[in-house]
Amino acid sequence: MIKIIREILGNKLRCEINLKIGSKIIANFFLQACSIGFSLITAIILARTLGVAEYGTYAYVMAIISILVVPTTLGLPNLIIRLFAGYRVNSEWSLMNGLLRRTNQLVIIISIVMIAFSGLACWRLIVTKSSLFYTFLIALILLPVFALNSIRSAVLTGLNKTVISQIPGSFVQPFTFILFISLFYFLGFNLNSSWAMVFQDIASIVSLIVGTFMLVRHLPSQFKASQPKYDTLKWTKSALPLFIVGGMMLINNRIDIIMLGIMKGATEVGIYQVVTRGAQLVSIPLLVVSVVISPIFSELYVKKRMEQLQNIVTRSAQAIAILSFPFFIVFVLFGASILYRVFGSNYVAGSTALAILSFGQYCNAFAGSVGMLLNMTGHEVDSAKGVTIAAITNIILNLILIPKWSITGAAIATSISMILWNVILSIWVYKRIKIIPTSLGNIGTIFTKDS
């Protein structure tokens, strides 16, 4: 595997970048493999023990919480990744210190406000003493925890500690969650969506504590010795489009579940959640590679090393396309059988939706890290426009297709919007920085050695 990844990345980058990225991609691959394994185990346990309806309630609430986290973080995690890379290169430790402090202050204040308003809305809009009511109230604890976890991860990523940044979220949190729900189940207690959310709270808090310890340990000595310097107005202007990007991307990823829950109910959400979890495996290589190379995008762009930037963009996109293809084929050809054997007969109805979403995810992987490339090179406004167009398209298509075709309609709407988003952003990447972002850039170089 090491040989294949290094061959894909190429020799032109040599030891300066190639070995660095190759080793980090391998480490991230195994870390993400553990995370995926934990996620699948969690999904299987919850799907089989909660039942379709209760699992649907849990998934529905988690989708809502994911949306609410967006205004809580205000796009600051992506801003931190981009600016920390530049601050690190230019040794601007005081600005780095100030940005982290200001971010934590904002996140804590906004989290408190969001919990208050969300709790009030829950009290007024959801039937009290229902499973959905209690599950949602319990889940509100996750707002500040998720937000602070995302900030912690972004700081470590911006400091080029990409592997370390993933450990709390990819390993600690899912392992703790599985441990608690497994003990609860095997001790003979009745597991429902509310108890599952309690254990999600506990696991996420443990992840935050471990992540904070790791962050403090890996902050540079120059950072710790510096006095904070603030550039709040500039940060706010930069964060706003990133906030829109993050929000619209999350809407693209979650609006189908929320709209399906509103129009069809918890049972359909339970089936669809299993299907989306499966389809997301197709884009795992995109996630793994993007986490590693995002600060490298920013660093090369700041140094104006555009030839190397094109090289790494092309080769990483080719690697993503190759590694994603087996997942895509398996889910298209054997989706129904996998759903039946792994999750049970109640979930086989989602096989068509699984094939459709897998196709959409493969198109997403084939396009490469287009959104991250725009964000890391200072063109977050273009990224925001593209994602907004896709999100609006997704909402409209879901309104039209869900009433007619239920989970299959949701899958079609989400896949179309995902493809549209990648096409738009790919065009803007080339217009803005003259980089071909997809795996078709410099075609033919993937299996050739550089002289």
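**Helix packing and the nonpolar core**

Helix 7 and helix 8 run roughly antiparallel to each other. I start there, and a reminder before going on: this is a predicted model.

Helix 7 covers residues 162–186 and helix 8 covers residues 193–218. They pack at an angle of about 150 degrees, and their axes are 8 Å apart. Angles over 145 degrees count as roughly antiparallel, so the pair gets that label. The crossing of helix 7 over helix 8 is right-handed. As for what sits in the contact between these two helices, there are 16 nonpolar residues, eight polar ones and no charged ones.

Next, helix 6 against helix 7. Which way does helix 6 run relative to helix 7, roughly parallel or roughly antiparallel? The packing angle is about 160 degrees and the axes are 7 Å apart. That makes helix 6 roughly antiparallel to helix 7. The hand here is left. From helix 6, the contact takes Arg 152, Ser 153, Leu 156 and Thr 157. From helix 7, it takes Thr 162, Ile 164, Ser 165, Gln 166, Pro 168 and Gly 169. Sorted by class, the contact of helix 6 with helix 7 holds three nonpolar, six polar and one charged residues.

Helix 6, residues 142–158, also packs on helix 4, residues 93–125. Their axes come within 9 Å and cross at roughly 160 degrees. Helix 4 and helix 6 are therefore roughly antiparallel as well. Helix 4 passes helix 6 in a right-handed crossing. On the helix 4 side, the contact residues are Leu 100, Thr 103, Asn 104, Val 107, Ile 108, Ser 111, Met 114, Ile 115 and Ser 118. On the helix 6 side, they are Leu 143, Pro 144, Ala 147, Leu 148, Ile 151 and Val 155. The class count for helix 4 with helix 6 is 11 nonpolar, four polar and no charged.

How many residues does the largest nonpolar core have? It has 124. Val 155 is among those with the most contacts inside it, along with Leu 46, Tyr 55, Tyr 58, Ile 65, Phe 84 and Phe 136. Helix 2, residues 14–73, supplies the largest share of this core, with 19 residues. Setting aside neighbours within four places in sequence, Val 155 is in contact with Ile 80, Phe 84, Leu 100, Leu 215 and Leu 219.

Now a few individual positions. Val 69 is in helix 2. Its relative accessibility is 12%, so Val 69 counts as buried. Beyond residues up to four places away in sequence, Val 69 touches Leu 143, Phe 146 and Ala 147.

Pro 174 belongs to helix 7. It is buried, at a relative accessible area of 7%. Apart from neighbours within four places in sequence, Pro 174 is in contact with Phe 38, Pro 168 and Gly 169. The C-alpha atom of Pro 174 is 9.3 Å from that of Ile 36, and the two residues are 138 apart along the chain.

Asn 394 is in helix 16, residues 380–433. Is Asn 394 buried or exposed? With 0% relative accessibility, Asn 394 counts as buried. Leaving out residues up to four places away in sequence, Asn 394 touches Ile 251, Asn 252, Ile 255, Ala 413, Thr 414 and Ser 417.

Last, the backbone. Most residues other than glycine have a negative phi. Two residues here go against that. Ser 91 is not a glycine, yet its phi is positive, at about 55 degrees. Ser 91 is in the loop between helix 3, residues 76–90, and helix 4. At 46% relative accessibility, Ser 91 counts as partly exposed. Lys 304 is also not a glycine, and its phi is positive, at about 60 degrees. Lys 304 is in the loop between helix 12, residues 284–302, and helix 13, residues 306–342. At 68% relative accessibility, Lys 304 counts as exposed.

Methods. Residues are numbered from 1 along each chain as its sequence is written. This is a predicted model: local features need pLDDT of at least 70, side-chain atom pairs count only at pLDDT 80 or more; totals for chains, interfaces and linings use all residues. Side-chain values use heavy atoms; hydrogens and water are left out. A nonpolar core is a set of buried Ala, Val, Leu, Ile, Met, Phe, Trp, Tyr and Cys residues joined through side-chain atoms within 4.5 Å. Buried means under 20% relative accessible area, exposed over 50%, partly exposed in between (1.4 Å probe, protein chains only). Helices (H or I, at least four residues) and strands (E, at least two) are DSSP runs, numbered from the N terminus. Contact means heavy atoms within 4.5 Å. Axes are lines fitted to C-alpha atoms, for helices over the stretch in contact, and angles run from 0 to 180 degrees between N-to-C directions. Angles under 35 degrees count as roughly parallel, over 145 as roughly antiparallel, 65 to 115 as roughly perpendicular and the rest as oblique. A crossing is left-handed if the near helix is turned anticlockwise from the far one by less than a right angle, and right-handed if clockwise. Ala, Val, Leu, Ile, Met, Phe, Trp, Tyr, Cys and Pro count as nonpolar, Asp, Glu, Lys and Arg as charged, and the others, Gly among them, as polar.
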